Amino acid sequence: MLKRLAVLGALSAALLLSACSSESDDGIGSNDPLNTLQLNLQNLEALQNGYHYEGWAIVNGTPISTGRFNVDAGGALVDLDGNTIENNEFTVSEDLSDATDVVISIEPDGDSDPAPAATKYLGGAVNSLLANLSTAHPATLNSDYSSASGEFILATPTDGANNNETSGIWFLNPASTTFSLNFSGVEPLQNGFHFEGWAIVNGAPVSTGKFNINGAGEIVDLDGNVIANGEFTVGGDLSNASAIVLTIEPDGDVDDIPADTHYLAGDVSGNAASLTIGHGAALGDDFSNAAGDYILATPTTSDTTDENSGIWFLSLAGGSPAQGLTLPVLPAGWAYEGWVVIDGTPVSTGRFTDPAAADLDAPFSGNLAGPPFPGEDLVLNAPAGLTFPLDLAGRTAVISVEPFPDDSDAPFTLKPLAGAIPANAVDHFTYSINNNASASSVTGNVTITVNGTMAGLSLPTLPAGWEYEGWVVLNGTPVTTGKFLDIAAADLSAPFSGSLAGPPYPGEDFLNNPPAGLSFPVDLSGTTAVISIEPSPDDTPAPFTLKPLLGGVPGNAASGTVYGMDNNAATFPVGSATIK
């Protein structure tokens, strides 16, 4: 009997051991709590001066600390004594299986309270016991900063003088003026020639931009790209512009002086200007009173059988040769040119500026002297596809106004006189040429919009526990431009600026009190501009890891010019947290 009892006892013990073994697969009983958080973090920096990180699991809305830590120079997680944390695991007494979120905060030196600091750094929602951590979690910075952008100028507004203008940086977009242009009748320029707009401000020309017109009549840049709405924006408030002038500039023009060839112009009234050729700053005449006579004759040859093969802009109405054209005197940058259109081909009769004198060219005339008026005998050196001499009866005579120098061998848009030569025309008879000014008219309109100074930075609003800070890296040394919360307000300090007030935007003039090893003023050309996100309170005077914007200042940077910054959010820390 005792033996039987012993056997039954042993069997019971074996069954109990088997059950325990089954419940303990993987070392965790089916009812054991999940109380370990394993972190995998990248790009975290070592905090200084006793500051440290602390993990938090949010369970039923309550933060549960999972432990304090820092990172070493190699990025490994360490405890506050610098010891490596094995497997990056933190074990707590509480069950974390119902955690909804995991957050990493930055805690100040000496922190011992059971609540997270305001400076919440990384966070993520828990899904199947895994949380992917980033700055975009709503409990942290609530943004991944992929849309952050920035611009800056170099200037020293606190100096009070136009000296050392590249020794200050301001994160703003200065006042600018937008000119919206549209035209009627303006045709494309050829061979690199182009148009340039000019605002006349206090008597001085300010370029509003270069452009051309494409075949569809659209305003395009010099690479042929359509300029949206014909809008050109230039720096500065040009609301006091008195006039707008459009010039024709030669290929390769790079100077800031208008060419002589002023095409259209108009006085500014309110915020607009109507442009015409008749404005005094353009051609000064609308050609509505232009008139002309001509004859057919070939005075430069002794052959009397080809008299209808020459055209001369003179009148024989009085019996002897007299000036045939009534045209205004042209300003510099322009010349008249006569034409005969033969079977669709315009053939030049020569350029001239004085209708009472011979023109400048005689490529097709004979060997004898012509009369002292514009004109040409078409008897020699015929262009390809034509034969000289030929009868000009039934052709078309034209007087055009040409840019000088000219963009093309073809007639320009402005043709104040044009008319058909009678089909039964005879030589040495005076014919009139029609006024064509309205048919070849060109006009333009300009609308002027002044854009006030605007914030140069586009950054999300920060939650409590964080501040933005601007920097310039000088010879490897980051120098602060000041901390700020509002991109459209002055920053919180101006330790290096001059005595005058700066603009109401973040920035700094580097004029006084240089840090050790530096000298002010200093040319910021070739340096690097940085916007960082700093813990508040801050663990160190150096820039924090989070640098959403970086911008190289060009080596030839000019004061007042707007320069862009690159988005650097791809370098932000990320990570994951696993509940085990």
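**Reading rings, burial and strands**

Guide: Phe544 is buried, at a relative accessible area of 0%; here buried means under 20%, exposed over 50% and partly exposed in between, with a 1.4 Å probe and protein chains only. This is a predicted model, in which local features need pLDDT of at least 70 and side-chain atom pairs count only at pLDDT 80 or more, while totals for chains, interfaces and linings use all residues. Residues are numbered from 1 along each chain as its sequence is written, and side-chain values use heavy atoms, with hydrogens and water left out.

Visitor: How many aromatic pairs does the structure hold?

Guide: Rings of Phe, Tyr and Trp (its six-membered ring) pair if their centres lie within 6.5 Å; planes under 30 degrees apart count as stacked, over 60 as edge-to-face and the rest as tilted. The structure holds 27 such aromatic pairs. In one of them, the ring centres of Tyr121 and Phe544 are 5.4 Å apart and the planes meet at 50°, so the pair is tilted.

Visitor: Why does the pair tie together parts that are 423 residues apart in sequence?

Guide: Helices (H or I, at least four residues) and strands (E, at least two) are DSSP runs, numbered from the N terminus. Tyr121 belongs to strand 7 (residues 120–127), whereas Phe544 sits in the loop between strand 37 (528–535) and strand 38 (549–552), so the pair links parts 423 residues apart in sequence. Tyr121 is buried too, with a relative accessible area of 0%.

Visitor: Which residues form one aromatic cluster?

Guide: The cluster is made up of Phe183, Phe195, Phe211, Phe232, Tyr263, Trp334 and Phe412.

Visitor: What is the strand order in the open sheet of 9 strands?

Guide: Two strands pair if DSSP finds at least two bridges between them. In this sheet the order is 4-3-2-6-7-8-40-1-5, with antiparallel pairing. Strand 4 (77–78) and strand 5 (89–91) are the edge strands, each pairing on one side only. Strand 8 (residues 130–133) and strand 40 (residues 574–579) are joined by 4 bridges in the antiparallel sense; Leu130 has Thr578 in strand 40 as its bridge partner.

Visitor: Is Asp253 buried or exposed, and which residues does Asp253 touch?

Guide: Asp253, in the loop between strand 17 (241–249) and strand 18 (262–269), counts as buried at 11% relative accessibility. Contact means heavy atoms within 4.5 Å. Leaving aside residues up to four places away in sequence, Asp253 touches His194, Glu196 and Lys210.
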